[in-house]
Amino acid sequence: MRILLLLAGLGNARAGAAEPPWDADDALARALRVDDWIRNATDGRAGAPPNHWRVTHPSGLAAAPAPFHFTANNTVKFVFATSIMINATARAVVVKSTKSLEKKYASGLRREALYLEYLRGQPGIPLLHGGYFVKGTLHLVVERCGRQIGDDDHSLYRDYEALAASRPRAVARAWIELFRSVEGRGGFFLRDFKPSQFTCGADARGAPALWLVDGPNPSVGPLAAALRARHAPARMTTHHRDRSHVHDLGRRAWLLPRLGDLAAAGGDSQTASLLRDAVRRCTREPYPTYGDLLALLDSDPDASASPRRGTSSRGAHAELPV
């Protein structure tokens with residue numbers, strides 16, 4: 001049975017804006033087609049890339065890739081900046097590739113491709129325009145989203161701090177929507193994440209937006225199960241975890257706690273109260289769902305000052321178990 005969740009009701013992201021539909025069956029089929037294509041190319045077999053990709057060859061780039069400064073660049077990945085043409089308009093993209101042909105590194109970019117394809121169109125997920133192989137090396141062509149919010153040492157950059165100070169509740173919503181996509185819908189998990197893995201900007205409606213630009217590990221849910229069945233552990237490792245990113249939202253000082261501090265400093269006492277309540281709920285069992293947290297942001301802080309009794313930490317939005 002196809003699983004189609006039209007989440008346009010409780011916890012709606014913004015008044016008048018419909019939630020993006022989430023069809024888990026279609027997402028899994030798309031991701032496994034990408035996995036098949038990568039596996040065939042890696043093993044020297046012929047196989048066509050997904051037909052909805054815009055770029056499947058270097059000739060699809062509008063200009064030669066140029067070096068791109070990105071704090072998360074490391075010994076594993078190259079990241080280059082360029083553009084592609086969509087309806088006669090140049091769109092900024094990054095081209096990612098591995099620095100080594102070793103399988104333990106190549107599998108990381110494969111996981112990133114599956115993450116981007118599985119969660120295509122969901123809040124916080126950069127758009128995967130396509131990919132290709134050159135001399136056995138995988139290259140991904142990904143939408144260039146916003147500006148990095150901080151560094152590897154967990155310090156936050158001025159652009160993000162200014163955005164968060166001016167619209168703390170909207171930025172909190174963007175964080176919750178991002179992690180709902182990544183974990184609540186996708187079953188992905190980041191074991192040790194930092195600001196350098198996220199970017200900030202505005203969505204098509206001008207609202208604050210955040211993106212996770214580094215591929216996480218599949219942990220639970222249909223995609224993780226399918227990959228465990230398909231690949232030996234040495235080729236495609238999935239990770240189990242013992243907590244939820246809901247807990248991280250409240251525990252990590254640079255996430256919801258920082259937004260609460262900025263709201264208070266800016267004189268927005270209502271938002272500060274709601275975010276303090278959200279932090280309390282995120283760090284105490286039973287943990288709320290991402291849908292619970294989105295609903296909290298739209299509530300009266302005086303009426304929601306205490307956690308509700310008897311609230312389940314499961315499934316108001318049919319999220320994966322967290």
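**Close-up views of a predicted model**

**View 1. The hairpin of E4 and E5 in the predicted model.** Strand E4 is joined to strand E5 (residues 89-98) by 10 bridges, and the two strands run antiparallel. Within this pairing, phenylalanine 80 has valine 95 of E5 as its bridge partner. The hairpin leaves two residues between the strands, and asparagine 87 takes a positive phi near 55° there.

**View 2. The five-stranded open sheet, in the order E3-E4-E5-E7-E6.** The pairing in this sheet is antiparallel. The edges are held by strand E3 (66-67) and strand E6 (128-134), each of which has a single partner strand, so that one side of each is left without a neighbour in the sheet.

View 3. The side chains of aspartate 36 and arginine 230 meet in a salt bridge, with an N to O distance of 2.7 Å. For the model as a whole, the count comes to 18 salt bridges.

**View 4. The three-stranded open sheet, in the order E8-E10-E11, with helices H3 and H4.** The pairing in this sheet is likewise described as antiparallel. Strand E8 (147-148) and strand E11 (208-212) stand at the edges, each with a single partner strand, so one side of each is left without a neighbour in the sheet. Strand E10 (residues 198-202) pairs with E11 in the antiparallel sense over five bridges, and in this pairing threonine 199 has tryptophan 211 of E11 as its bridge partner. Helix H3 (residues 158-166) packs on the sheet and touches E8, E10 and E11, its direction making about 55° with that of E10. Helix H4 (residues 168-185) lies across E10 and E11, and H4 runs at about 35° to E11.

**View 5. The packing of helix H7 against helix H8.** Two packed helices are described by the angle between their axes and the distance between the axes. For helix H7 (residues 256-265) and helix H8 (residues 269-282), the axes come within 8 Å and cross at roughly 160°. Angles over 145 degrees count as roughly antiparallel, and H7 and H8 are therefore roughly antiparallel to each other. The crossing in which H7 passes H8 is left-handed. On the H7 side, Leu256, Pro257, Leu259, Gly260, Ala263 and Ala264 take part in the contact, meeting Thr271, Ala272, Leu275, Ala278, Val279 and Cys282 in H8. Sorted by class, this contact of H7 with H8 has 10 nonpolar residues, two polar residues and no charged residues.

Technical notes: Residues are numbered from 1 along each chain as its sequence is written. This is a predicted model: local features need pLDDT of at least 70, side-chain atom pairs count only at pLDDT 80 or more; totals for chains, interfaces and linings use all residues. Side-chain values use heavy atoms; hydrogens and water are left out. Axes are lines fitted to C-alpha atoms, for helices over the stretch in contact, and angles run from 0 to 180 degrees between N-to-C directions. Helices (H or I, at least four residues) and strands (E, at least two) are DSSP runs, numbered from the N terminus. Angles under 35 degrees count as roughly parallel, over 145 as roughly antiparallel, 65 to 115 as roughly perpendicular and the rest as oblique. A crossing is left-handed if the near helix is turned anticlockwise from the far one by less than a right angle, and right-handed if clockwise. Contact means heavy atoms within 4.5 Å. Ala, Val, Leu, Ile, Met, Phe, Trp, Tyr, Cys and Pro count as nonpolar, Asp, Glu, Lys and Arg as charged, and the others, Gly among them, as polar. Two strands pair if DSSP finds at least two bridges between them. A salt bridge is a side-chain nitrogen of Lys or Arg within 4 Å of a carboxyl oxygen of Asp or Glu.
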